[in-house]
Amino acid sequence: MKTRLVMMALVSALALSCTPRIVKVACIGDSITYGSGLENQLEQAYPAELQRLLGESYEVRNFGFSARCMSDSADIPYMNEEMYAEAKAFLPDVVTIKLGTNDTKPQNWNPEQYKASYEKMISEISALESKPEIFLCLPAKAFSKRWGINDSIIVAGVIPIINELASEHKLKVIDCHSATENSAANFPDEIHPDVEGSALLARTIYGTLSENGYRKR
């Protein structure tokens with residue numbers, strides 16, 4: 001009887017050891033990440049499509065918050081929100097950061113503060129107990145200056161800073177800007193993607209994640 005119990009315990013332990021661990025993915029961002037303008041934000045925003053691409057061995061959570069900025073000196077900083085605390089409390093294994101679009105508004109753009117705030121976020125996320133791998137997303141293409149958003153600043157200001165931070169911290173960059181360059185038809189208000197545009201962003205992010213070992217099992 002004792003031998004049988006020991007064997008059952010060993011079999012159970014082996015079964016548990018063979019069960020893939022759920023990899024937690026946190027998508028930090030603004031309204032584009034949240035899914036503003038989509039009919040069904042929960043199912044159509046790019047983090048939801050990323051979940052489908054990665055499969056059930058992953059748990060992808062959407063921590064997008066509309067109108068939020070990276071910079072602490074901007075009008076609505078992301079890091080001041082409870083959403084940011086929730087993203088950290090999730091203790092993710094992977095974090096994608098896609099903030100910078102709203103930082104290009106005239107009242108917000110401050111390159112030094114943008115970089116300093118980004119440094120702060122990278123530092124805080126890197127210090128989490130889960131030691132997540134961080135991926136920096138270049139902002140999607142902005143096809144107009146609606147709400148003060150400026151693609152010229154994205155190209156000449158935001159993107160170089162993100163690339164510089166990635167180099168300094170040895171982090172991977174996901175190029176959502178080039179991926180959406182020719183997709184104006186999928187950005188109906190010229191800033192936010194439709195369902196196809198969101199799926200394009202998800203495929204772009206998944207492409208870089210899969211190249212780094214995070215793929216559907």
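**Cysteines and nonpolar cores: exercises**

The sulfur of C27 lies 7.7 Å from the closest cysteine sulfur, that of C137, which is too far for a bond. The model is predicted, so local features need pLDDT of at least 70 and side-chain atom pairs pLDDT 80 or more, whereas totals for chains, interfaces and linings use all residues. Residues are numbered from 1 along each chain as its sequence is written, and side-chain values use heavy atoms, without hydrogens and water.

**Exercise 1.** Determine how many disulfides a search of the whole structure finds.

*Solution.*
1. A disulfide is taken as a pair of cysteine sulfur atoms within 2.5 Å.
2. The sulfur of C137 has its closest cysteine sulfur in C176, at 4.5 Å, too far for a bond.
3. The search of the whole structure finds zero disulfides.

**Exercise 2.** State whether C27 is buried or exposed.

*Solution.*
1. Buried means under 20% relative accessible area, exposed over 50%, and partly exposed in between (1.4 Å probe, protein chains only).
2. C27 has a relative accessible area of 0% and is therefore buried.
3. C137, also at 0%, is buried.

**Exercise 3.** Identify the residues that touch the most other members of the largest nonpolar core.

*Solution.*
1. Such a core joins buried Ala, Val, Leu, Ile, Met, Phe, Trp, Tyr and Cys residues through side-chain atoms within 4.5 Å.
2. The core has 33 residues, and those touching the most other members are I28, I97, Y118, M121, I125 and L136.
3. Contact means heavy atoms within 4.5 Å; beyond four places in sequence, the contacts of I28 include F63, Y78, I97, M121 and I125.
4. Another core, of 23 residues, lies apart and includes V25, A202, L209 and Y214.
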